[in-house]
Amino acid sequence: ADEPLVLGIETSCDETGVGIVRGTTLLADAVASSVNDHARFGGVVPEIASRAHLEAMVPTIQRALDTAGIKASDLDGISVTAGPGLAGALLVGVSAAKAYAWALDKPLYGVNHLASHICVDQLEHGRLPEPTMALLVSGGHSSLLLTADITTDVRPLGATIDDAAGEAFDKVARVLGLGFPGGPVVDRRAREGDRKAIHFPRGLTGPKDPEFDFSFSGLKTAVARWVEAKRRAGEEVPVADVAASFQEAVTDVLTRKAVKACQQHGVDHLMIGGGVAANSRLRAMAEQRCERAGIRLRVPRPGLCTDNGAMVAALGAEMVWRNRAPSALDLSADSSLPL
Ligand code: KG4
Ligand code: ZN
């Protein structure tokens, strides 16, 4: 049979994403972002995000259809992020997907945002082997997920008990006066720094700590204290060294626990997804440690790691391909949708 042609809509945070795929082939990935509207607030403002989605929704769908060069009537299904995420933001995407599905008489698939972050890797590296271990690190999540079936069986092994990894990057960037979002700037500045300059704490790595949970709020506080002390002493803050040392602490814990999860569950494939997977040090360290442990590493290119519509389309196509039941038209957004 032909690979399914699916349009996917993502609006869980500040990116209005519309992607179109045929099976595991990417045909279009249109994104409109409201990130600049949030910058002066130092974080995403839900009401601003929802309004921006509303304005961008239809033009972004049109742009994706134009890029893919297909007619909406040719689609085999429409998928949409049903959660988790910001309730009002999700609602815009879910409403649009329902309207298109109903008007075009196409099946609708509400999908989980985290599972989509994993599934997107298929667009770059082909079908995901099952089981695959997934390390998902973004502004809202830091989780280890054992993926036995991407459409029905993604099991959380652990998650952050406080801040997400991306959140820590954003907060440290603020402390250093580097702006928002912080991840990309910290990554860039860290390249000129010494990652061994300062030893910052590695949260939840003691012998009695939960093996696969994460904690980054103590690290963030340690960085803030260190920087404050420098400033109080009237000394110049070595921004690049702080950025590199902080980044080293985060990526050390993430990769250590991800490799351990693979070993303990006998899984020999690790995928890393979410916005923080764009981090250059995380990629390099994961490559080294996976190679040493005999684990095959899969990381999508940075543009597919951050929120986008293609990842939702990829999972929608997988739902169609595996004959999973479509969602009813009364599908609702669920800000804390479980896996
Ligand atoms: O997946 P994503 O686009 O949105 C969420 O679902 O959160 O992730 C955004 C997060 C932000 O916290 C951003 O600072 C972080 O990913 N990020 C990075 C990098 N690029 C984006 N963190 C570290 N290094 C990067 N290069
Ligand atoms: Zn995300």
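Begin by selecting Leu 136: neighbours within four places in sequence aside, Leu 136 is in contact (C-beta atoms, placed from the backbone, within 7 Å) with Leu 114, His 117, Ile 118, His 141, Ser 143, Leu 145, Gly 273 and Gly 274. Leu 136 belongs to strand β6, residues 132-137; strands are DSSP runs of E of at least two residues and helices runs of H or I of at least four, numbered from the N terminus. Leu 136 is buried, with 28 other C-beta atoms within 10 Å; buried requires 20 or more such atoms within 10 Å of the residue's own C-beta atom.

This is a predicted model, in which local features need pLDDT of at least 70 and side-chain atom pairs count only at pLDDT 80 or more, while totals for chains, interfaces and linings use all residues. Residues are numbered from 1 along each chain as its sequence is written, and chains are lettered from A and ligands numbered from 1 in the order in which they are written.

Next, select Gly 140, in the loop between β6 and β7 (142-149). Gly 140 is buried, with 21 other C-beta atoms within 10 Å. Beyond four places in sequence, Gly 140 is in contact with Cys 13 and Ala 164.

Finally, select α6 (165-175) and helix α8 (residues 217-232). Their axes, lines fitted to C-alpha atoms over the stretch in contact, with angles from 0 to 180 degrees between N-to-C directions, come within 10 Å and cross at roughly 10 degrees. The two helices, α6 and α8, are therefore roughly parallel, a term for angles under 35 degrees.

Note on methods:
Angles under 35 degrees count as roughly parallel, over 145 as roughly antiparallel, 65 to 115 as roughly perpendicular and the rest as oblique. A residue is buried if 20 or more other C-beta atoms lie within 10 Å of its own, exposed if 12 or fewer, and partly exposed in between; C-beta atoms are placed from the backbone. Two residues are in contact if their C-beta atoms, placed from the backbone, lie within 7 Å.
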